[in-house]
Structure formats: C-alpha cells, structure tokens
Amino acid sequence: MLEVSAALTQGQITPTELCQKRLSLIKKTKFLNAYITVSEEEAFKQAEESERRSKNEQSLGDFDGIPTAVKDNFSTSGIETACASNMLKGYIPPSNATVVQKLLDQGALLMGKTNLDEFAMGSRSTDGVYSKQYREKRKQNPHSKNEDLDWLMTGGSLGGTAVAMSAFTCYVALGSATGGSTRNPAAHCRLVGFKPSYGLVSHHGLIPLVNLMDVPGILTRCVDDAAVVLSVLAGHDTNDCTTVQDPINPFIWFGRCEQTITVFLVQIEGAKVIEVSIPHTSYSIVCYHVLCMSEVALNIARLDGLQYGHRCDIDVSTQSMYASTRQEVFNDVVRGRILSGNFFLLKENWENYFIKAQKVQRLIANDFANAFNSGVDVLLTPTILSEAVPYLEFIKGDNRTQTVNMAGLPAVSIPAARPNQGLPVGLQLTGHAFCDQQLLTVAKWFEKQVQFPVIQLQELMDDFSSMITHHQKSANILLSEKYF
Amino acid sequence: MAAPMQRWVGRGRHWTFARVDGGSCHRREAPTGSTSNRIRGRSSVAQQPLYTTQKPRKGEHKWAAVVGLEIHAQISSNSKLFSGSQVRFSAPPNSLVSFFDASLPGTLPVLNRRCVEAAVMTGLALNCHINKKSLFDRKHYFYADLPAGYQITQQRLPIAVNGSLTYGVCAGKKQSQVIPKTVRIKQIQLEQDSGKSLHDDLRSQTLIDLNRAGVGLLEVVLEPDLSCGEEAATAVRELQLILQALGTSQANMAEGQLRVDANISVHHPGEPLGVRTEVKNLNSIRFLAKAIDYEIQRQINELENGGEILNETRSFHYQLGCTMSMRDKEGKQDYRFMPEPNLPPLVLYDATSLPAGADPQQVINIDQIRETLPELPSVTRERLVQQYGMLLEHSFTLLNEVGLLEFFQNVIKETRAEPKKVTSWVLNTFLGYLKQQNLAVSESPVTPSALAELLDLLDSRTISSAAAKQVFEELWKREGKTPGQIVSEKQLELMEDRGALEQLCHSMMEAHPQVVMDLKKGNPRVINKLIGLVRKATQNRADPAMIKEILEKKLSS
C-alpha cells in the first residue's frame, strides 16, 4: 500500500486511473465472488475528489486515493450491508462504521463490500448466501491458482476480503476478528492479518457476532501497511464505551522511521526463544462456542423483519411473523447457534454452561498473563496447524486463534513458510494487551528475516495471471500492473 | 363480573372496605382510605390486616395478604439512557428515535451520566447501599416495541440495594393519627424503557412508536412487606413525592412516568406463602389500591371455594374494577439473561476511593451527590409541624397536593396572619374551592398574594371572617380586583360604630318580640337567631361577638 501511495504522490498514476483499473479487475474476477457489493459510483466519486486534492496539493496523506475493501459486516452509509444474509438483503445503513469513516476521512476509496459467512459465523467462508457460486466456480479449475483460493475457503469468515486482497482489487482491507477471522484467511492467503488489542479500535458499526470479542481486523500485504492502518484506526470512540479512554500515542510506522526500527531490531536480535505453556488452550474452543452462541442468540434477536431486512408474508400475528421470517432466511449454522445460545442461557443451564465458560475464559486470560509475566514479550505460534485442511479437521485448527480473542490480546499472522505443496501457512505472534506496536515491530523483524512477502508477491502474480489465462484473459495487462 | 364486596373483620364490627380516596391530585385529606380496624385502637405497626369472606364463621381461619411492588419510574433527563435522543412526552410518533433506539445493527450503547446520577441520588434518598460496581444485563424476549429483542437492565448486580421507604398511614377518628410504616427496598436498577404498541383492532394491525424506547427507567423493587391496597397506595405516593423532590423523575402516573406492577398472594398467617399473581397496567394510585384489594379478595374467594391460584399475569380493568388473566400462552417465561458485552462495569467512587487526578467528567462521586440531596418530604413535614405548629396530617395534605406547599409558603411569606390561620384557610377554603371545581393548584384563580392580602385584612380586624369568605368568593370570579378593592366597593369593612350597632340591635329586638320572649323564658340558644338577623342587616360587616355582647346586655337590663 505504501508503494502505491508513493506512486500516487509522485504522479505515476492518478487516483481515478487507479480506481478504474481496480474496478475493471473486480469485474474480471467476478467469478471469485470476492465482493457482495461493488460500490463503483461511490469509489469513482471518491477517486475524483482525491484527484482534485492531489492537484491542489491538499493530499490527506498515505491513504488518499488508496482502493480499500471492507467486509460486508461493517456498516457503510448508503451502501448495502447484508452481512451475507438474506435477512439483511437490501439493508442500507444510514451511517458508516467508525473504522470505515476513519479510512474515508483519510481519503481512502471504498471499492466495495467483501464476502463472508452469514453474519461472519463460520470459518470457511462458505456459509453465506453469496457463497454458492463461489465454490462451484472454483471446482472447475482444480489446478490453477484457484486451488489456492479454494483452500482459502477453509479460512473464514472473511474469505471474500482475503480473496479481494489476493486478487489485487484493493490494497487495504478491513475484516472483523472474533475467533480467527482475520488471521486464518491471512495465513492461507499469504497476507498479513492483524487483530488489535480489544478496546484499541472501535467496533461501532460492525454488525456483531460476539461483541465481547469482536475487533476490527486489518488485512494487508506487509506489516508496515498494517501498522499504518492501525495508527489511523486506533483510539477512543465516543460511540463505543469499550474503547480505551486514554489518548493513543501516534503509532510509529516503520517505512518512515528507519532509526526507530533499527533500535528495536537490535533488541530483537538478542531475543531468546523459550517454551511456555498455555494449559487451558484445549478447553478454549468449547468455551468459545458457549460464549459465542449465547451472544449470537441475542445479537441476532433484533433481526425480526419488523424494521428492516427481509419480512415474510405471514401477518396472522407478530409472533408468527417473527418465526416465519427468521425461519425463511437463516441458514443452518445461524439457526444452530441461535438455538444453542438460547439453550445455554436457560435458567437451569446458566450455571453449567455460561458461568463455566466465563470461568474458563478467565483461566485462559490468566494463562496468557502468566506466560507474559514469566518475562515473555511475544508469543509465537502457528496461525493454523497446517496448510489448508479439509473441513472436518478444521475445528482443531481454530483454537490457535480464538484463544487469543478470548484474552483480548493483540495478534498478527504473517506469511511464514511454504511447506511441501507450496501452500502458505501463517506464523502468529501474540503480544501483551495494548502493546500492539511492540508486537508489530517484532512482526516486521520476522517479515524481514524470512523475506517472504517478496516471493509471495511475485508468485501470487504469476499464479494469478495463469489463472486469468485460464479464463482467456490477458496476463500481460495484469503483470504490468503489478503494483497498481 | 361484579367485584365482590370486601370487608374488614375484627372486634365484632364489619366495615365496608372503602375506596381509597382520590388519585394523586384529588385527595382532600392526607392519605385517607379505609378505616382499617387493625389501626383503630391499636398502634402496632407490624399488625397485618386479616381478611375473610362475607360470612365469617366462628373459628374460621383468617387470611393475610402479601403484596410486593415493582415500580418503574422514568428518569427525568434530557436524553435517553444509552443514546442521545431527546426525551419528551407527546412528541409526534417516532420523532425521537436514534439509530441505536431503532436497534440498527452495529449500534452500541453509551451510558448517560445523568441517569446514573439520578439512580445514585434516588438510592441515597431511599437509604440504599450504593454498589460501587454494578453490571448491565440483557433480558431477552420478543415484542414488537422492543426492537433489539432484549432490554438492557441490571439483573445480577444493580446500582443500589437494601433500602427502605417510610410512609404514613392515617388512622384514628377523623384520620387524624398518622402511623409510620416501613417497606424494605430490595433493589434499584437502571434499565431501558420499551416503545409503545398501539393496537388498531379495526384494521387488525399494531402500530409502534419508539419515542419511549430507550428512555432511562429506575426500577424500584419493594420487598413484599405490604398487606393491602391502601398501604401500597400510600407507599407509592410517598415514593412519588420523594422522586419529585429529588427531581430524578416527574413521576406523573397519567403520563406513564411512574408505572406499578403488584405481586400479590394470600396465606394463613404462620403457613407458607401462597402462589402469587402479578397485576399489571396500574396507571393511577387509586386503581393500584383498587386492583390490589380486588385481587386479594378474589384469591381468598377462589381458595375458599376449593380453587387454586395460578402463577399468572393479570391486568386490571379499570372500568369493570376487576383483574383479568392476560392469558399468556407461553406460560412462565425464561428471559435468558446474559451480561451486556458492550457496557463495561459501572464503577462509582466515594471520597475515599476517588483516584487522584481523576477527571470529574469521567467519574461519579457518591459523596458529592449525597451533599446535593434536597430536603425530603418526611423532613419537610416535620419542619412544617415544628415551624407552623400544624397537625401532621395537615402537612401530609400540603405535600400530597401538587403545588399546594409552595402556595402555602408564598402566602405565609406575604401575610402577617398567624400560620394556623393560613393553614386553615389554605386547607379548608382554598382547597375546598379547588376540589369543588376540580382544579389543580396551578389553575387557581386566587394568587398567593391575594390570599395573603385577604388574610391581612382579617388579621387587622378590618373585615369579619364571614366577610372574608365573601371576598374570597369574589376573588374566585377572576375579575382582577384586589381584596382591598372588593372590600371598599362592597363596603364590607367591619362596623366599628358601637352606637349604630346598639341602635340596630335595639330595633331588631323590637321587631322580633317572640324571640325575645323565648330568650327570657330561658332558651339561650335562640339568641343566635337574633345575632344572625343583626349580621344580615349589617351585610356581615359586624363582629358577631360584639353583637352578642350588646344583645346580652340589653336582655339582662
């Protein structure tokens, strides 16, 4: 992103040209089903404004003119926000989510809303109403880059966002991170997925999955970009009282502060690696499900078809209208979670399920606290246990990421290694709460060490172009557009 | 279905269970109502009223009623509990609705500081323990006027607990005795109000107004220490006065700012409590008392006839005067409470726990709120009794009538007349006129200054008290004249000329020889007839005492 920003500043390309190119790429890659809604008009208007600013030398900064994609569970003013659910099909929010507004205030272009599982419930990105075509298409091309994207399917819930990034239709993407939604797809897609500390970034306007753990996630191609985005998004929001009250020091991002990073890096060079134990990890997934489903049951309660979204034709009584409306639209995953959640919250189950899950959550948070208290600065784990896995094994892979969410800690997944079959996996670094900057510094160091992004970029482009060829598209155009 | 007659039992006499008189603004005497014999002749506060059916037989078990109340008071604040929408009664439908109030996805609650302060203040006034840390919960149920599908409330750890409310029940002959009673307060919790559903039966549709959705409520939960409608009514009235004195709620029942649900059961003393019912929709103090007494008697009748009481919700039908089952098809509802994840624990401080250098805008200091507590009604009454030597029940009346205390105090400020005289005029004459025409104090045609001037004229013996009544009646006509003008126009000044009065008495005696004869025969009471005649001849301008003295002198001579 920073390279593109520099190119814009130097006038190598104008915002409208850039916007136009991204939009045509989105059209060309429509079969990927990365976007639910493409906000072509709005993006163009924003690009024109950006261009005007740039001509008048009134650029708003690094984000001015940068194509950005946002997961479809962030409210976007005037642009449909369906959360990949028939329930909210046609729902147009009257205001922007705080994080979206912050990016727009910086001059970013909103290209569109990216695909996800229905209400972000899922870790495969296959559970949304817009997913069907997406899967079928990919099956037709088992040996192309599509295969890589097929594996993407196992990373959710912001599969669409990751695809949008991988396909170079945008340079920055916002996702939501509740369980591992940002880091899992990042790992599968060779992207940097960053989940900030709970409370550092506002979740106002994010259609909730689990408020207790929902954090806007940042998806970029390199750690520098993630740091820049975080510095824009972090801070107190008067609309969200779970955000930190204290003022946030501006983040020092690395592209412009070579000196700072050198100091940090010198410290890191002397890093020691020790093993620590997070003993309650094995209980994490069960505990996560109890807390998550309970909250889902109530978060989804407002979707009753009365004020917005889908409404059935039955009007015998309000209660029957609720029942039919909800039955008509929610998929099995959503319905399963609503039912389970209501079960866990019943008076007779409250102690045995919800309270127990809360206790486990505290134990897990304590595990992390103990680990950090033993002198550890950053925890290093794989983001996922292996490269992309079949669905049935998936559940096991989930618990590296959501454990961190249970404790509200910041974590970042960076592309790390390429095992035998050439599929990427991620390396997850977890930091102390609100030590997001330290965490990103370490991530930057890793990125530098493994030199992975450079390889990734070239290969991605190669893979991508071969895929496009497969679809009788011109690879040349794309290759020459490497960065734009 | 007609309401069965309810009777009090004891000491061999049966009293028709009287209506609890008047709503909040039409009560003549301090909380009146039934003359319950539990109070009559006894002073024990803990005494429970005992009930039976119409035909008590010897040795029959007595019933005791157990009543607990849940009172919802709308917090008087500019904006709602969790959003910036305005709070205003009778605004056009759905004109005061923010995105959060309408539960648009992704919106988050932001706690209104004013509402927290109101809760703390109310808690302190009701002798509660204020929890330094309290939590918010979601209460889950589907209803069209609850757009989120859950209400944010404080179920597990409310802001205030373990308080008490002292109220006075009038007793004795002429209700002149006030007996203090206390009901324990279990908790006070902050919660959201719901919207309003308007059912259009004609077109079989329901219209929703979300103006009220999200307005801050104080739910005050009373322990089941009450035993009849009258006690409940007086306790609620006292709470209403306290809230109004604090300014934490306007507590106007007619506007729905104060709503009461009653939990009622009956049992034989010494035996376990009975199954309770919940009566909803009690929107005036009078109906509250009626509904509770009806429900108590209904339960007794039901049980005596071998029936059983269902744990159900009933509503009070004010036209029929009875409670009816709301026939909740779902039966007992499980609200599936869960902690509200978007609101961190509500932390309050006191002088000792206040962190150094804390931003006063960010913290709430309980001790600071305690210092700003205004005078509470009980203290006001005590002060009135001390300061003006009035009877306690008079102080009750002064406070119970909206605006009456202020009127009284304004008169006192401006007049030289004795406080006792002022009390009598305000409570008898002035209040009597208001009642007769069904007016509120604020609608009175007589201003405090006018009454003060009138009482000055009376005090300086410029006019007689009969003439004063006449002046008052003139004032009531709103002709814009001062009492002084009325007195001089109508020539109502007291006749000071003793000679003229003697003359008048003399001619009156001559004109009525029969009366004089009777008097002389030893019937002293007929002198009043003569006095009346003389007064009439003077157009009430003469002092009756002087007339009597002159007449007696003449008769004995």
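Guide: A salt bridge is a side-chain nitrogen of Lys or Arg within 4 Å of a carboxyl oxygen of Asp or Glu. By that rule, the whole structure holds 30 salt bridges over all chains. This is a predicted model, in which local features need pLDDT of at least 70 and side-chain atom pairs count only at pLDDT 80 or more, whereas totals for chains, interfaces and linings use all residues. Side-chain values use heavy atoms, without hydrogens or water.

Visitor: Why is the pair Glu447(A) and Lys444(A) called a salt bridge?

Guide: The closest N and O atoms of Glu447(A) and Lys444(A) are 3.8 Å apart; the limit is 4 Å, so the pair qualifies. Both residues lie in helix H16 (residues 436-450) of chain A, three residues apart, about one turn of the helix. Helices here are DSSP runs (H or I, at least four residues), numbered from the N terminus.

Visitor: How many salt bridges join chain A and chain B?

Guide: The count between these two chains is zero. Polar contacts, however, are found across the interface: 15 residue pairs, both at pLDDT 80 or more. Such a contact is a pair of N or O atoms within 3.5 Å; within protein, one must be able to donate a hydrogen and the other to accept it, and residues adjacent in sequence count only if both atoms are side-chain atoms.

Visitor: What makes residues of chain A and chain B count as in contact?

Guide: Contact means heavy atoms within 4.5 Å, and 43 residues of chain A are in contact with 31 residues of chain B.

Visitor: What area is buried between chain A and chain B?

Guide: It is about 3000 Å², of which carbon and sulfur atoms give 59%. Buried area is the accessible area (1.4 Å probe) that two parts lose on being put together, summed over both. In chain A, Cys241(A), Leu298(A) and Arg302(A) lose the most area to chain B, together 23% of what that side buries.

Note on methods
Residues numbered from 1 in each chain as written. Chains lettered and ligands numbered in written order. Helix = DSSP H or I, 4+ residues; strand = E, 2+ residues; numbered from the N terminus.
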